[in-house]
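Got your viewer open and your selection tool ready? Let's walk through this one stop by stop.

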Amino acid sequence: MKKIISLTVNGVTSDLAVEPRRTLLELLRDDLGLTGTKKGCGIGDCGACTVLLDGVATFSCLTLAIQADGCSVETVEGLAKDGKLNRLQQAFVNQGAIQCGFCTPGMLMMATELLRRNPQPSELDIRREISGNLCRCTGYQKIVEAIQVASEETP
Amino acid sequence: MSKYRILNTRAPRVDAVDKATGKALYTDDLKRPTMLTGAILHSPVAHARILNIDTSRAERLPGVKAVVTNREAGTTPYGVSPARYDETIFCHDKVRYVGDEIAAVAAVDLDTALEAVSLIKVDFEELPTILDGRAAMDEGQPQLHEIYKNNICAEVHWHFGDIEEGRQDSFLVRTDRLTSKMQDAAFMEPQSVLAETDSHGNLTAWSSTQAPHYVQRTLAMALGLPLHKVRVIKPAVGGGFGPKASCSTAELATCLLALKTGQPVKLTFDREQVFLHSRARHQFFHTMTTGVKRDGRLTFLEHRCILDGGAYASFGIAAIYYTGSLLGGPYRLKNMKYDGYRVVTNKPACGAQRGHGAVIARALFEVQLDRIAEELGMDPIELRLKNVMEAGETTCNELFVSSFGMREALQAVRDSTAWKKKRSLGGKTRSDGKGIGAACGFFVSGAGYPIYRSRTYHCTVITKVDEVGGGVTVSSGAADIGQGSDTVLAMITAEELGLSLDDVRVVSGDSSLSVDLGAYSSRTTLMTGHACREAALDAKRQILESIAGTLGVPPETLDLRDGQLVSLAGEIDFSELRKEYLQEHKGFTDLPDGPQLTFREASRIAFLERGAIVGTGKYRPPPLGGSFKGAAVGTSPAFGCSAQIAEVSVDLETGQITVEHITGAHDCGFAINVTQVEGQMQGSMMMGMGEALMEQIIYDKKGRIVNANLAEYKIPTALDMPHLDAIIVESNEPHGPYGAKEVGEGAIMPVIPSILNAIYDATGVRIDELPVTPERLVEAMQAKRDKRS
């Protein structure tokens with residue numbers, strides 16, 4: 001039996017009919033076509049599915065869509081404005097923080113949350129914050145650097 | 001100042017913006033109309049005869065469109081090496097590991113497909129299992145395959161030079177052992193396949209693969225289709241590191257389901273299936289005896305290794321050869337003996353993984369060098385410097401190194417602050433739990449031969465100039481799996497045609513575009529780079545010849561630079577050509593002006609004169625290698641080398657190891673993209689550190705993986721990883737495009753031994769079993785204390 005929920009995704013509010021057992025990740029990817037959010041494990045181990053739920057970094061694979069009723073969801077698709085990358089995205093591009101890119105959306109959302117809460121994080125703050133987001137390509141070095149660069153540019 | 005405009009810079013990756021905005025599409029992001037979902041039935045037991053498979057209940061389930069087993073799939077054997085085709089699409093006689101594929105289902109959605117899978121009833125007659133690679137060859141053990149007597153899938157016996165002579169020349173001889181565990185590649189994107197047929201009998205498969213070419217061949221062969229009817233497209237791929245280099249049951253089963261239903265079918269592994277399918281790092285059991293003279297020069301290496309490869313051959317034949325051959329460098333070693341046994345056991349099959357076959361061998365050899373240096377009272381880096389090969393030398397197993405920055409790489413890490421500090425302590429173990437270790441590595445820059453016997457070009461590239469003028473499209477079958485090969489191709493093309501990166505479009509990873517053997521053996525920059533350069537130069541030649549003909553000047557007096565066609569022989573009047581271009585573009589804004597003819601005009605005029613301008617390039621290595629059996633594996637047009645130091649801190653009470661800093665120096669010949677070279681080095685450090693300290697597939701007594709997830713199979717997180725310093729050494733490889741060679745795999749070689757040597761420096765104990773967990777280290781430290789007291 002589907003349930004009607006109201007969800008604001010990247011600033012746009014819609015009413016959606018969802019099965020109670022559907023995850024937020026499935027809703028975003030399969031129903032809304034927002035495939036930027038990735039499924040790396042489905043059980044909350046890898047962080048690739050990280051989105052912001054009312055501003056809080058959340059594993060969308062472990063969140064039921066109906067739990068998000070009335071909430072605001074931010075995904076990687078919502079970061080660029082008017083076709084222009086935000087400074088965090090730009091730093092990821094410029095610093096070489098992206099290789100295969102599969103962890104990138106989750107990494108960006110986790111870092112977005114960090115920089116909002118702590119605009120001038122230390123290297124350890126950054127490493128701690130993204131320690132639940134696995135990356136197998138970069139050794140994290142350039143990801144950490146990108147977040148540092150973006151934080152230095154924080155107005 | 002660099003002679004290049006685009007090459008040797010930190011140009012951002014061409015796919016980075018799409019990946020940073022979520023626009024990049026990976027296979028599981030794709031949808032097709034009427035698409036079905038596939039699921040696979042895996043064996044729950046490690047070794048059993050299949051008595052009966054009853055799919056009737058699954059077939060009756062509403063929403064199920066097809067159920068396929070060996071009845072539909074047939075039993076055409078396939079695999080990686082043609083000499084060892086030991087797999088079939090689905091098991092037919094036996095299952096050989098927990099996870100072996102028995103059947104597949106296509107249904108309207110995943111829930112239905114999974115329910116159908118659960119309704120397939122298989123009657124097994126369970127058989128005894130063999131799970132220990134060391135015991136697999138023993139008499140009386142359960143046999144996995146009739147074709148592999150005593151479970152030996154392959155064996156290699158090499159003897160170069162004369163080790164007995166080497167032994168006699170030795171001042172010091174020591175024997176050491178090292179055992180590793182099966183590793184998982186743990187790429188972030190689980191395998192995914194989408195297959196579709198059309199009304200002309202064409203099959204298209206989108207797959208998260210490293211090697212569209214080999215997948216195309218295997219699909220055609222195992223499914224009995226003409227090769228030209230099979231097209232494999234690689235969308236964005238979320239990492240591969242080796243296991244995605246071979247065709248998998250996921251690809252074969254999904255294509256079979258699409259053929260059977262006539263509808264598109266998508267099948268995506270969950271994380272547990274990634275572990276079950278594996279095809280990742282073998283388990284190695286190494287024993288090495290190495291001799292040196294009094295001055296530290298190497299005299300011989302006697303090497304024996306058992307590779308536990310799980311249930312099927314996969315890439316194991318290449319692996320067993322690499323295990324032996326890549327110890328031929330980077331040191332002068334005249335006498336080398338190698339006895340390798342690649343055995344099968346009732347565990348998921350192992351294949352290729354970054355540093356293919358050679359990583360643990362390298363680890364033990366580099367540990368031995370440190371132990372020898374200690375016994376000789378030498379600095380371990382000085383010992384290595386005494387032995388390193390130079391460019392122009394050939395190894396005892398006939399590998400020719402045409403460029404070799406090994407000495408420079410070693411000196412770079414030796415001259416670092418950290419190593420100087422260690423030397424000031426005179427090689428004594430410190431009491432504060434801090435340690436530092438060094439090691440080197442050696443790796444191919446592209447396999448010298450294809451996996452199947454053929455004279456095929458290893459890659460072709462087609463560069464087509466826009467008929468409308470202005471840009472070019474580079475078409476290549478090369479597989480960008482995250483390592484950045486598309487960016488390398490774009491940079492080479494932009495450099496040669498004098499264009500900006502934005503005016504070069506790279507389309508790649510599609511078997512219909514060109515031949516390219518794929519992203520494995522660290523081959524793409526060297527091989528596809530060559531073909532790409534040739535294609536760009538061919539297109540350039542055609543443009544310049546055309547314009548030169550029109551202007552009545554020799555083509556060699558013209559060049560393409562910074563988006564313009566320039567005359568090298570004084571000013572030329574381009575006004576007639578400009579006039580023609582402007583006449584064609586009445587009503588357009590942003591029209592070219594200025595004294596020089598733009599590339600946009602030149603390429604358009606060239607099209608008007610000649611029709612489509614298409615440049616082509618190709619690459620095939622020259623014949624390489626010696627005449628002994630297995631000489632082909634390990635050959636390469638060039639070899640990369642690297643040195644590294646790791647600094648660790650060990651809690652002497654708990655055995656907890658913290659890697660505090662890694663500094664690596666890698667000779668990549670020439671860094672086409674500086675950022676990407678560093679990225680490969682840093683990623684290698686992470687994968688090696690995981691293998692050294694935490695990663696291990698753990699099996700229970702029935703052969704089931706007990707940690708088939710990314711929480712219990714631990715890979716390093718951002719908190720585990722230290723600061724990583726990457727030093728690039730450029731030795732200008734004569735066989736590489738612009739002097740470039742590999743970095744993707746070679747950079748992992750020194751990681752494990754540098755950490756192992758650092759742990760010894762910190763604690764005074766050696767652990768001969770990976771990973772070095774706190775438990776193993778505490779036990780060893782305790783044993784040492786007990787011995788002392």
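## Stop 1: where the chains meet

This is a predicted model. Begin by selecting the contact between the two chains: 42 residues of chain B and 41 residues of chain A take part in it. On the side of chain B that touches chain A, pick out α1 (16-21) and α18 (674-693), each of which supplies at least two residues. Now colour the side of chain B that touches chain A by class: you will find 22 nonpolar, 14 polar and six charged residues.

## Stop 2: the nonpolar core

Next, select the largest nonpolar core, which has 312 residues. Helix α15 (residues 524-551) of chain B contributes the largest share of this core, 11 residues. Which residues have the most contacts inside the core? They are B:Val105, B:Ala253, B:Ile755 and B:Ile759. Centre the view on B:Val105 and leave aside its neighbours within four places in sequence; among its contacts are B:Gly38, B:Ala39, B:Ala58, B:Val64 and B:Val117.

## Stop 3: two domains of chain A

Move over to chain A, where the domain assignment gives domain 1 (3-78) and domain 2 (87-152). Their centres, taken over C-alpha atoms, are 21 Å apart. Domain 1 of chain A brings 15 residues to the contact and domain 2 of chain A brings 12 residues. To see the domain 1 side, highlight β3 (50-53) and β4 (56-59) of chain A, each supplying at least two residues. Colouring that domain 1 side by class shows eight nonpolar, five polar and two charged residues.

Technical notes:
Residues are numbered from 1 along each chain as its sequence is written. Chains are lettered from A and ligands numbered from 1 in the order in which they are written. This is a predicted model: local features need pLDDT of at least 70, side-chain atom pairs count only at pLDDT 80 or more; totals for chains, interfaces and linings use all residues. A nonpolar core is a set of buried Ala, Val, Leu, Ile, Met, Phe, Trp, Tyr and Cys residues joined through C-beta atoms within 7 Å. A residue is buried if 20 or more other C-beta atoms lie within 10 Å of its own, exposed if 12 or fewer, and partly exposed in between; C-beta atoms are placed from the backbone. Helices (H or I, at least four residues) and strands (E, at least two) are DSSP runs, numbered from the N terminus. Two residues are in contact if their C-beta atoms, placed from the backbone, lie within 7 Å. Ala, Val, Leu, Ile, Met, Phe, Trp, Tyr, Cys and Pro count as nonpolar, Asp, Glu, Lys and Arg as charged, and the others, Gly among them, as polar. Domain bounds come from an automatic or database domain assignment.
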